[in-house]
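Here is a short report on one protein model.

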Amino acid sequence: MIVRTAPSLPAWIEGQLPPGARRSLVHVGEDVHVMEWGEGPPVLMLHGNPTWGFLYRKVVAALRVTELRLIVPDLVGLGFSARVPPAAHTLDNHVRWMGALLDGLGLRDLVFVGQDWGGPIGLGALAERPGLARGLVLLNTVIGPPRPGFRPTAFHRFARMPLVSDVAFRLLGLPQAALHLVQGDRASIRGAVARAYRYPLRGRARNAAPLALARMVPDSFAHPSVGPLRRAGGFAESFPGPVAVVWGDRDPLLGRVRHHLQRVLPRASVTATAAGHFLQEEVPEAIAAAVRRVAGVPA
């Protein structure tokens, strides 16, 4: 595995991150940008579409990073990780890249935190590495294939519309230009925070991933994501360790999914909040408390 020091971030982004970040580019077939804080038992925190590791900065600050090794990668195609062609964005590929990162970092006894696509990507990688994880914290994500009778959301149906979706995503910068619309508190993503999410995706050379990842969501049971989603769900449902769920119920995309997770993960501790989809911006302390419980670290 090749590890290089990551290029500097703009000062206005760096100033919003918790101090002491260690940043690297880890080559796992593609370069993955990784931020780390602290020392101790490892906690891997994965974001989804269209954000990057910046999403977890408030959670990192709330965890008092001297107690844990907090590892926050950017998914391939997002943040400051490598760009790949749209066709390369398959769930199988993302699981493979994340698995290679886990192997390369040599992690053991891991607490996994996943939100949005970060959930099934991380769970899929862990499913192929039995015994690696000691606990799971799930945040507004899905952990399995669609249920019978499902219908994609309006957002995901729009992402499949020819031409108009390409214009909206590639030219107008959706959805990163409108993240506040899926929040419980729309003021939670404004100003310099909103700009920090848009910055890595500026320009057509950098912004292929959001549309490709939206199209990674199944629109039928024949979709190629269904198989890896089934494996990720099977892993989560049979996981023997502690599981915590922290949910933003005001998420227009996945808010109602919490009830399904409570049925399929009956042993999980569940914290329901009034946050939206990117709940790390709104309820970081609740997420940090769940991580501490699962990791066995005193509050």
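The sections below go from the basis of the model to its cores, strands and helices.

## Basis

This is a predicted model: local features need pLDDT of at least 70, side-chain atom pairs count only at pLDDT 80 or more, and totals for chains, interfaces and linings use all residues. Residues are numbered from 1 along each chain as its sequence is written, and side-chain values use heavy atoms, with hydrogens and water left out.

## Nonpolar cores

A nonpolar core is a set of buried Ala, Val, Leu, Ile, Met, Phe, Trp, Tyr and Cys residues joined through side-chain atoms within 4.5 Å. Buried means under 20% relative accessible area, with a 1.4 Å probe and protein chains only. The largest core has 49 residues. Leu-123, Leu-126 and Leu-136 touch the most other members. Helix H3 (residues 91–105) gives the most to this core, 7 residues. Helices (H or I, at least four residues) and strands (E, at least two) are DSSP runs, numbered from the N terminus.

## Strands around S7

Strand S7 (133–139) is mostly covered, with 6 of its 7 residues buried. S7 runs parallel to S6, joined by 6 bridges. S7 also runs parallel to S8, joined by 4 bridges. Two strands pair if DSSP finds at least two bridges between them. Leu-139 of S7 is the bridge partner of Gln-115. Leu-139 also has Val-246 in S8 as a bridge partner.

S6, helix H4 (residues 118–127) and S7 make a right-handed β-α-β unit. Right-handed means that, with the strands pointing away from the viewer, the path from the first strand over the helix to the second runs clockwise.

In helix H10 (residues 257–264), Val-257, Arg-258, His-260 and Leu-261 are buried. They cover an arc of only 160° around the axis, so they sit on the same side of H10. The arc is that of the directions from the helix axis to the C-beta atoms. Their cover includes S7, S8 and strand S9 (269–273).

Helix H11 (residues 284–295) has 12 residues. Its buried residues include Pro-284, Arg-292 and Val-294. Among the elements covering the buried residues of H11 are strand S4 (42–46), helix H2 (57–62) and strand S6 (110–115). Gly-296 follows H11, with a positive phi near 75°.

Terms used: Buried means under 20% relative accessible area, exposed over 50%, partly exposed in between (1.4 Å probe, protein chains only). The expected span of a helix is 1.5 Å times one less than its number of residues. Contact means heavy atoms within 4.5 Å.
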